[in-house]
Amino acid sequence: MAYFLVYVVWGSTYFFIGVALQGLPPFLLGALRFSAAGLLLLAVCALRGERVLRAGLVRRSAVSGLVLLFVDMAVVMLAQRYVSSSLVAIVASSTAVWIMLLDVPAWRTTFRNPAAVAGILLGFVGVAMLYVEQLGASASAAHGERGVALLVCGCLSWAVGTLYTKYRSCAAEASGGFAGSAWQMLTASGAFWVCAIAGGDVQETDFASVPRRAWLALAYLVVCGSIMAYTAYVWLLRVRPATEVATHAYVNPVVAVAIGAGLGGETVTAVQLCGLVVILLSVALVRLRRGQLRLRRRG
């Protein structure tokens, strides 16, 4: 169920973010989304009896929230001013490769599994196949190299934030609670509020004229994208290898393309279908190999 939330539900947020942005500016959207999700999740954790005000938990979660949620999402929004959305998707999918390379404690396990390494690299090729036609058809944007540099920084930020969350933040939640995830969202929301106010998003937005579908999309992002899918991601980091969890970076674009075809009327080409097959094969390689290792250990 956790992988379903991270693979499918998180992949669907691409579509709903686009809908929400039709009525809300980017930084204001991030501020509203993570404020609502963080407060709701923190209230649920308090009702479940979790100790939500531990200093160590709040401090480590704040670091994760800034590096993992705020920096990555803010960088992606800024990069889209310079490069096409197809290039954003391709470069963003390299997060899985960065996590594999930066996860030093897992090097011995990861690089002893040729199938897992091949799966990670093959998945990047598959994502490129999903968007290569749009990439080739789009004109080169001005300052495109600046956009790519921003995207690489965002990918590194997400990778570092993921590993920090796995080895530091999750360690502060040994009880298995989700208060840390709530504080991550609230920290990110604070940074988004600063940017939204400083950039004029709050002052220039007429909330009464925001379309109803944008509010509904925001509600979906709060409940399904943040409270459900993001907490599933953090939980998976506790119990599974980071390289395996990072395969969401390959499956999410597949879901985004499928929803775009189903709800947005976009055309799916033969090259994209081939890319889909390659991505599914890459994920199978990463997870199947680890499953075989677990069976051998039990044996």
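Predicted model: local features only at pLDDT ≥ 70, side-chain atom pairs only at ≥ 80, totals over all residues.
Let me begin with Glu50, which is buried, with a relative accessible area of 16%, where buried means under 20% relative accessible area, exposed over 50% and partly exposed in between, using a 1.4 Å probe and protein chains only. Residues are numbered from 1 along each chain as its sequence is written, and side-chain values use heavy atoms, with hydrogens and water left out.

Which residue forms a salt bridge with Glu50? The partner is Arg48, and the closest N and O atoms are 2.6 Å apart, a salt bridge being a side-chain nitrogen of Lys or Arg within 4 Å of a carboxyl oxygen of Asp or Glu. Arg48 is exposed, at a relative accessible area of 54%, whereas Glu50, as I said, is buried. By this rule there are two salt bridges, and another pairing joins the side chains of Arg240 and Glu244, at 3.0 Å from N to O. Here Arg240 counts as buried at 19% relative accessibility, and Glu244 is buried at 2%. As background, side chains of opposite charge can pair when their charged atoms come close.

Now to helix 3, which covers residues 55-79; helices here are DSSP runs of H or I with at least four residues, and strands are runs of E with at least two, numbered from the N terminus. Helix 3 has 25 residues and reaches 35 Å from its first C-alpha to its last, close to the 36 Å expected at 1.5 Å a residue, the expected span being 1.5 Å times one less than the number of residues. Where does helix 3 bend? The bend, of about 30°, is at Gly65, taken as the angle between axes fitted to the seven residues ending there and the seven starting there. Gly65 is also among the buried residues of helix 3, which include Leu68, Leu69 and Phe70.

Finally, I would point you to His248, which has its place in helix 13, residues 248-262, and is buried, with a relative accessible area of 8%. Leaving out residues up to four places away in sequence, His248 touches Val6, Tyr7, Trp10, Trp158, Tyr233 and Pro253, contact meaning heavy atoms within 4.5 Å.
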